[in-house]
Amino acid sequence: METPASPLAERWRHRVDRAAPYLELLGIGWLVPCLRMATGESASTQARALWRQLGIPLLAIAVLIGLWAWLAPKVHTSLGALPGPVQVYEQAGNLWADHRAEREKEAAFYARQQKRAAELRAADPRAEARIHPYTGKPTYIDQIITSLKTVFTGFVFATVVAVPLGIMCGLFSSFNAALNPLVQIFKPVSPLAWLPIVTMVVSAVYISDSPTLPKSFVVSAITVTLCSLWPTLIKTAHGVSSIDKDLRNVGRVLRLSWPKMIVKLVLPSSLPLIFTGLRLSLGVGWMVLIAAEMLAQNPGLGKFVWDEFQNGSSASLAKIMVAVLTIGIIGFLLDRAMLALQAAFTHRTA
């Protein structure tokens with residue numbers, strides 16, 4: 001027979017129960033059984049829950065890695081055998097070492113300029129010492145950062161366009177009837193079709209001797225915008241059109257202006273579906289970006305993959321597989337970040 005828990009243990013159990021949905025949201029729900037065991041709950045029950053949430057996924061990953069290690073040497077390509085987990089791990093370490101070495105070279109480059117500038121000012125206080133920017137090659141980490149900046153820029157543009165249009169479609173059936181054919185026509189268009197058009201338009205319009213943003217960055221961001229705005233637009237329109245009519249009538253009775261009605265009634269009621277659309281759009285944008293970077297040779301992870309494919313060295317396949325795993329992990333983390341934002345704004349964890 002289970003002994004009654006102390007008041008302190010009860011308080012901790014209550015805290016664990018409150019934290020559980022958020023830990024699940026962050027992808028670390030396996031901590032919940034551990035915390036519950038620490039508060040004195042049934043060890044066997046929590047051990048089963050821990051096995052289900054952590055043990056089974058880890059076992060599946062271990063089986064996959066084992067199959068990969070066993071099958072990889074049996075697959076021969078023009079560059080040799082397919083790299084296994086060990087080779088991929090080694091190349092990941094090499095890419096990180098290259099990044100650190102490049103950052104050390106950058107720091108030494110600026111240190112030398114600072115030293116020369118100090119000597120110049122000591123000789124002539126009125127002299128102007130110019131610091132030249134470092135022009136070393138971008139590292140793997142730099143490519144990741146570039147891709148993240150690009151996808152977030154395109155995603156923000158897509159959100160700014162899609163959410164207002166979705167609200168209008170949900171509120172006014174005539175507006176929805178006018179826009180729906182365009183959505184159905186442009187939604188299936190591949191990023192590979194948009195990219196040449198965007199490139200030509202940006203090249204013709206975005207002309208400057210020293211542009212604030214590189215042209216390649218603008219091209220990739222606009223391509224992401226054009227391909228990722230549709231899920232948000234559709235889900236926003238669906239969410240707004242699904243609002244209870246009684247709620248709209250309350251707004252009319254209170255004589256709320258349209259801006260106030262949208263802010264006070266429409267957006268709070270449709271936020272869950274809007275965030276569903278945002279999650280889908282961010283996922284689509286991340287996939288589109290990699291393809292756009294590969295095709296247009298714009299800086300980012302896509303260009304890294306294409307360069308390694310063209311390089312054809314013995315380590316290229318392993319580096320490409322590092323990039324594939326990186327793309328997948330980042331996609332998972334982006335989805336979790338959107339889930340966390342949804343929980344923060346809608347007070348829902350699912």
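This is a predicted model: local features need pLDDT of at least 70, side-chain atom pairs count only at pLDDT 80 or more; totals for chains, interfaces and linings use all residues.
Local features need pLDDT of at least 70 and side-chain atom pairs count only at pLDDT 80 or more, while totals for chains, interfaces and linings use all residues. Residues are numbered from 1 along each chain as its sequence is written, and side-chain values use heavy atoms, with hydrogens and water left out.

Start with the helices, which are DSSP runs of H or I with at least four residues, numbered from the N terminus. H7 (residues 191-205) packs against H10 (residues 258-296) at about 55°, and their axes sit 10 Å apart; axes here are lines fitted to C-alpha atoms over the stretch in contact, with angles from 0 to 180 degrees between N-to-C directions. That angle makes H7 oblique to H10, oblique being what is left once under 35 degrees (roughly parallel), over 145 (roughly antiparallel) and 65 to 115 (roughly perpendicular) are taken out. The crossing is right-handed, meaning the near helix is turned clockwise from the far one by less than a right angle.

On the H7 side, Pro191, Leu192 and Leu195 do the touching, and they meet Val288, Ala291, Ala292, Leu295 and Ala296 of H10 (contact: heavy atoms within 4.5 Å). By class, that makes eight nonpolar residues, no polar and no charged ones; Ala, Val, Leu, Ile, Met, Phe, Trp, Tyr, Cys and Pro count as nonpolar, Asp, Glu, Lys and Arg as charged, and the others, Gly among them, as polar.

As for disulfides (cysteine sulfur pairs within 2.5 Å), the structure has zero. For Cys169, the nearest cysteine sulfur is that of Cys227, 19 Å away. Cys169 is buried at 6% relative accessible area, and Cys227 is buried too, at 10%; buried means under 20%, with a 1.4 Å probe and protein chains only.

Conventions
Helices (H or I, at least four residues) and strands (E, at least two) are DSSP runs, numbered from the N terminus. Buried means under 20% relative accessible area, exposed over 50%, partly exposed in between (1.4 Å probe, protein chains only).
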